[in-house]
Amino acid sequence: PLKALLGVCTVHRSASIKRAGICLCTALLVDTRDVWSSKKAPAMGENSEGGGDDKRINANEVDLERAALECCLSLLGDNDPKVASEATGAIKSYRKMHSGQSWKETTGTKIVPRLLDLTQGLPTLARSGRDSELRCQIRLVAGYLMVSLNLDQGDDETNSRSQSKEERKQRSEIASALACESVSSIIRMSLTELFRLDYNTVSVSPQMPSKILIDQGSSSSVFYLTGVNRFRYLRHESSVASAMEMLRFLGMALGAKRGALFVDGCIAELCDAARGMSRNGKAQICWLDQWAGLVVLSKEILASAFVSGENVIPPSNDARQTLKQCTDKKSLEILQSLVSSILPVVTRPPLWTLPTTVQIAEDESRVHGTYRNEVTLRSYLTSPRGLDTAILEDQRPVDAAAIDSETSASAFCGNAILIGLLMELIGTISVLLGESIRPFLPTILYPVLENTSAVHHHHVQQAALLTLEQLSQADGCATVTSFISKHFDYLVDSVTAKLRRPGGVTKASVPYVNQDLF
């Protein structure tokens, strides 16, 4: 009954009920633990070697202790400051009952296995639509990560100095366990499912010529917002905020070196999977559902793994206003090594050139000979009933299977969101590197500027503008225009390379996207 009651407290909407639940947890974990806990009870998470009734009693005691602890952990990130503060106080009181080694044996060695269990359960909760339980479990994962970082600790300065070496060792052990490929792959796939994109959240807005878009800049009424809810299973803003906070704590727990390995693994999986994608149609939607969330993980882990200073919690609001340059020399070297590995991959086909509009799909169809009649394609995409009203070519029925596999408005939106996320990743990298981004500008400047063209989806255009502004600020330029003028030689080299074949023969026609850029 006590465990059931604690379970209700964690998901209840009332702050007073949550605070009462924390008082109950404090009574169980601190005030009366010597009363209800038998002397033979094993440490939390360990198996009892007793038999019969003793084994059952000890198992119940362990479960009750963990339920009370997890109730407090899940409320550490509650929206009500009083609830979060009281939960923090309960955790501190519980930790004071244990010596450093006892706390490590009781909780520290059990964090990673428990994190895996909880993370693997997130997609199931997400698909079930139980938002309150989903948020509670997300916050519980974040709570365990906070404990691993010792962010809830409030000891005096002297005690903190005396335990700092042991704490750093424990944090390193947890980070190593999380970065292990067998563990990180499970975390990646579970969280990718949680951050499945919602393609219907992309607002309708007209495309704008590149010059007008750049001239208007951030003042544009259609300015790209990274905080828009774009996830299918995270239906409420509070769920999105909790999930992003969980990713930030995961990045902090991994640290710079292991965070770089985690991000590199995400991009490697994404690129390996991209070899078999369909680029458009229903098959592409299925591909996006399975893999696009990896870019979300990469961006958030990167932003938090390279924060400067110890025990700094990245704020949960808009990262554009809070993310700062990485100043630690060793971390900066690790980041530069990671960036040199992933940027050439994400700014090249097939990920960077996914079709996001009908016009791009038509251009591809002309190049590859997919359709003999462009009017058929446009009619299919704009028809409310799809193939039922599609124009017939040469009085013959259109191949329904071919069109269905090649065209989909939802796939266009999904591709646009994916490319926007890739540019958000580049923007995050530019903020973290600051002026150190300059060696990578020949690789990324033209691809980003190219996406401001009116041929692209408006979501891609606006994301490109934001990325250009972040690049210009990192480079020390006051405006995007001055930034482009400063590095115009990079653009000339890139355009020249695109207009010429390896043998030096110019192409017969300039790509459509380049006309707008000229």
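**Contacts, helices and salt bridges**

Modeller: Contact here means heavy atoms within 4.5 Å. Bear in mind that this is a predicted model, where local features need pLDDT of at least 70, side-chain atom pairs count only at pLDDT 80 or more, and totals for chains, interfaces and linings use all residues. Residues are numbered from 1 along each chain as its sequence is written, and side-chain values use heavy atoms, with hydrogens and water left out.

Colleague: Where is Ser-239 found? And is Ser-239 buried or exposed?

Modeller: Ser-239 is found in helix α12. Helices (H or I, at least four residues) and strands (E, at least two) are DSSP runs, numbered from the N terminus. Ser-239 counts as buried, at 1% relative accessibility. The cut-offs are under 20% relative accessible area for buried, over 50% for exposed and partly exposed in between, with a 1.4 Å probe and protein chains only. The C-alpha atoms of Ser-239 and Arg-139 are separated by 9.4 Å, although the two are 100 residues apart along the chain.

Colleague: How many helices and strands are there in the protein?

Modeller: There are 25 helices and zero strands. Of the 518 residues, 51% count as buried. If you take the contacts with a separation of 6 or more, residues 24 or more positions apart account for 76% of them.

Colleague: Back to α12. At what angle do α12 and α16 pack?

Modeller: The angle between α12 and helix α16 (residues 329-346) is about 5 degrees, and their axes are 10 Å apart. That makes α12 roughly parallel to α16. Angles under 35 degrees count as roughly parallel, over 145 as roughly antiparallel, 65 to 115 as roughly perpendicular and the rest as oblique. The axes are lines fitted to C-alpha atoms, for helices over the stretch in contact, and angles run from 0 to 180 degrees between N-to-C directions.

Colleague: Which residues make the contact?

Modeller: On the α12 side they include Ala-256, Val-263 and Ile-267, and on the α16 side they include Ile-334, Leu-338 and Ile-342.

Colleague: Switching to charges. How many salt bridges does the structure hold?

Modeller: It holds 20. A salt bridge is a side-chain nitrogen of Lys or Arg within 4 Å of a carboxyl oxygen of Asp or Glu. One of them pairs Lys-18 with Asp-78, with the closest N and O atoms 2.7 Å apart. That pair links distant parts of the chain, 60 residues apart: Lys-18 is in helix α2 (residues 15-31), Asp-78 in the loop between α4 (52-74) and α5 (81-96).

Colleague: Are those two buried or exposed?

Modeller: Lys-18 counts as buried at 9% relative accessibility, and Asp-78 is buried too, with a relative accessible area of 10%.

Colleague: Which residue does Arg-248 meet in a salt bridge?

Modeller: Arg-248 meets Glu-300, at 3.8 Å from N to O. Arg-248 lies in helix α12 (residues 237-274) and Glu-300 in helix α14 (residues 293-305), so the pair ties together parts that are 52 residues apart in sequence. Arg-248 counts as buried at 8% relative accessibility, and Glu-300 is buried with a relative accessible area of 6%.

Colleague: And what about Arg-438?

Modeller: Arg-438 forms a salt bridge with Asp-475, the closest N and O atoms being 2.5 Å apart. Arg-438 counts as partly exposed, at 32% relative accessibility, whereas Asp-475 counts as buried, at 1%. Some salt bridges share partners, and these join Arg-248, Lys-299, Glu-300 and Glu-424 into one network.

Colleague: How covered is α20?

Modeller: Mostly: 22 of the 25 residues of α20 are buried. The helix is followed by Gly-434, whose phi is positive, near 65 degrees.

Colleague: Where is the cis peptide bond?

Modeller: It joins Pro-349 and Pro-350, with omega about 5 degrees. Pro-350 is found in the loop between α16 and α17 (358-368).

Colleague: Last topic, confidence. What pLDDT does the protein average?

Modeller: The average is 78, and 69% of the residues score at least 70. pLDDT is the predictor's confidence in each residue, from 0 to 100. Over residues 152-163 the pLDDT is below 50, and that stretch has 13 contacts in the model beyond near neighbours in sequence. pLDDT also stays under 50 over residues 382-406, for which the model has 32 contacts beyond four places in sequence.
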